[in-house]
Amino acid sequence: MPDKPKIGFYWCASCGGCEESVVDLAEDIIMVADAVDIVFWPVAMDFKRSDVEAMDDGSILATMVNGAIRTSEQEEMARLIRRKSKIVIAYGSCAHMGGIPSLANEFPRQQIMDFMYEGSPSVVNPDKTRPMLSVKHNSMNVTLPEIRNLVRTLDQVIDVDYYIPGCPPTPKLLKDAVLVLLSGKLPPKGTVLSPDEALCEQCKHKDTKPVDVSFKQFYRPHMVIIDNTKCLLSQGVICMGPATRAGCEALCIQGNMPCSGCFGPTSRVKDQGAKMLSSLCSNISAKDEEGIDAVLDGIPDPVGTFYRYGLASSLLRKKIPEDV
Amino acid sequence: MPDSEIKNNYEPKIVAFFCNWCTYTAADLAGVSRLKYAPNVRVIRIMCSGRVDPQFILQAFASGADGVLIGGCHPGDCHYSEGNYKMLRRFRLLKRMLKSLGIAEKRLRLEWISASEGEKVKSVINEMVEQLKVLGPLAIPQSLDKINEELKEIPEEEIREEEPAHA
């Protein structure tokens, strides 16, 4: 039997939802499993790091890595996977743009450690025990990976060939990506494997989006009953659709919830959050500072709203410490 | 943050976006009138303050600017009728967002300067330079380089002695 192309899956700082989306292929997973050999998939099958190390360099056709990079161990694994794979695909928002874990870049590492090991109300730690990088135990040297100062996207650590966006990506995108890989007709390096247009183009409410939105107040989803026949922006609900890449077929909007931006920007935009801020603010109806601020009070957390999935890949990437 | 020596010899870099019809003309007037002002601004002429995409501002900071100044026509005077209002609205939220990302409020400034106000160009720039000198360098690219040193690969055989994590 001729060798089937080898595929791997790996996870870093992620929730497991991306792995779930692989299983969500449902019957199609049989097609995928038939067409390829899955040689590495720690979440579902028993592979060890040494198994990967034993493979020839470049012997895996493609590895899909999900999750942001936060620890030294994830960096090592990412580099190992890069060596062993012809193609590395950043799978899901975290690997693509940092994802929700990268909102941690709003805080210095020390503050996070203090909270997690002492400050949090659910923590009981009278001895103030902290994780050690290295400790002698029964004359053995036991080590732990280091938590880095920044949450990074996959491409800030290793070279990445393609991106599959989404939190998580839809099974359709994964299936299409596998088919593209198998066809051998590869798109240019760096391509995000999802349509390069704004989500509004795929939205069923597209026709009800007013030319001039003119915001008088912003509502968060729990504050209003959303009319499921009209553009959410026209109802004053912040929908990231205009600044977000299409490809999910507007799933959240079909569920009567606004888009929160997990597919990231289109190729023409560098910083999704800044672009959304620009679009929203331009359409506020007030013209004086007080009136504008009153409308903007409806956005209590601009960083969490506009960079929910992409602080690590934004232009500033993190909070600047100690600038007063 | 920088030590005092760096701070004393430091000249802030300001990226200024001036609209073609008012503020840029005012800066021209300041020049023609031989007004002296601090040489710390790099002026970029744009057709309207409403053309300033917040991405430009973030890009400026991310590329090493210590401050960003935007100059537009007074409210009601915009050549394109509404552009300066668009800038004002973005500015109000951007300022708040930058604050939560740790960038001091005084590093981003929006001023309405009409074509006849050459004197105001001078006073605004001088004042901003003074304020930025007090704040010290923002130095985003440098601080990022420093953090990224942790990405350097350490040889695997290196045996680490007992050490506390994240001290």
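How many residues does the contact take from chain A and from chain B? It takes 46 residues from chain A and 39 from chain B, where a contact between two residues means C-beta atoms, placed from the backbone, within 7 Å of each other. The model is a predicted one, in which local features need pLDDT of at least 70 and side-chain atom pairs count only at pLDDT 80 or more, while totals for chains, interfaces and linings use all residues. Residues are numbered from 1 along each chain as its sequence is written, and chains are lettered from A and ligands numbered from 1 in the order in which they are written.

Along its principal axes, the C-alpha trace of chain A spans about 65 × 55 × 30 Å. Of the 324 residues, 41% count as buried, that is, with 20 or more other C-beta atoms within 10 Å of their own; exposed means 12 or fewer, and partly exposed is in between, with C-beta atoms placed from the backbone. Among contacts in chain A with a separation of 6 or more, 75% come from residues 24 or more positions apart.

Chain A is divided into domain 1 (6-100 + 149-183), domain 2 (112-148) and domain 3 (199-306), with bounds from an automatic or database domain assignment. The C-alpha centres of domains 1 and 2 of chain A lie 29 Å apart. Six residues of domain 1 of chain A are in contact with four residues of domain 2 of chain A. On the domain 1 side, strand 4 (69-71), helix 4 (72-84) and strand 8 (147-152) of chain A are the elements that give two or more residues. That side has one nonpolar, three polar and two charged residues. Here Ala, Val, Leu, Ile, Met, Phe, Trp, Tyr, Cys and Pro count as nonpolar, Asp, Glu, Lys and Arg as charged, and the others, Gly among them, as polar.

Back to the two chains. On the side of chain A that touches chain B, the elements giving two or more residues include helix 6 (109-119), strand 6 (132-137), helix 9 (272-282) and helix 10 (289-296) of chain A. Helix 9 of chain A gives the largest share, six residues. By class, this side of chain A has 23 nonpolar, seven polar and 16 charged residues. The axes of helix 9 of chain A and helix 3 (residues 54-62) of chain B come within 8 Å and cross at roughly 145°; axes are lines fitted to C-alpha atoms, for helices over the stretch in contact, and angles run from 0 to 180 degrees between N-to-C directions. A274(A), K275(A), L277(A) and S278(A) make this contact with P54(B), Q55(B) and L58(B).

L277(A) turns up again in the largest nonpolar core. This core has 127 residues, and V65(A), I89(A), L277(A) and F61(B) have the most contacts inside it. A nonpolar core is a set of buried Ala, Val, Leu, Ile, Met, Phe, Trp, Tyr and Cys residues joined through C-beta atoms within 7 Å. Helix 4 (residues 83-100) of chain B gives the most to this core, with eight residues. Leaving aside neighbours within four places in sequence, the contacts of I89(A) include A62(A), M64(A), Y163(A) and A177(A).

N138(A) sits in the loop between strand 6 and strand 7 of chain A and has a positive phi near 50°; it is exposed, with 5 other C-beta atoms within 10 Å. S139(A) is found in the loop between strand 6 and strand 7 of chain A, and has a positive phi of about 60° although it is not a glycine. Elsewhere, a cis peptide bond joins C167(A) and P168(A), with omega about -10°. P168(A) lies in the loop between strand 9 (162-164) and helix 7 (171-183) of chain A.

Conventions: Helices (H or I, at least four residues) and strands (E, at least two) are DSSP runs, numbered from the N terminus.
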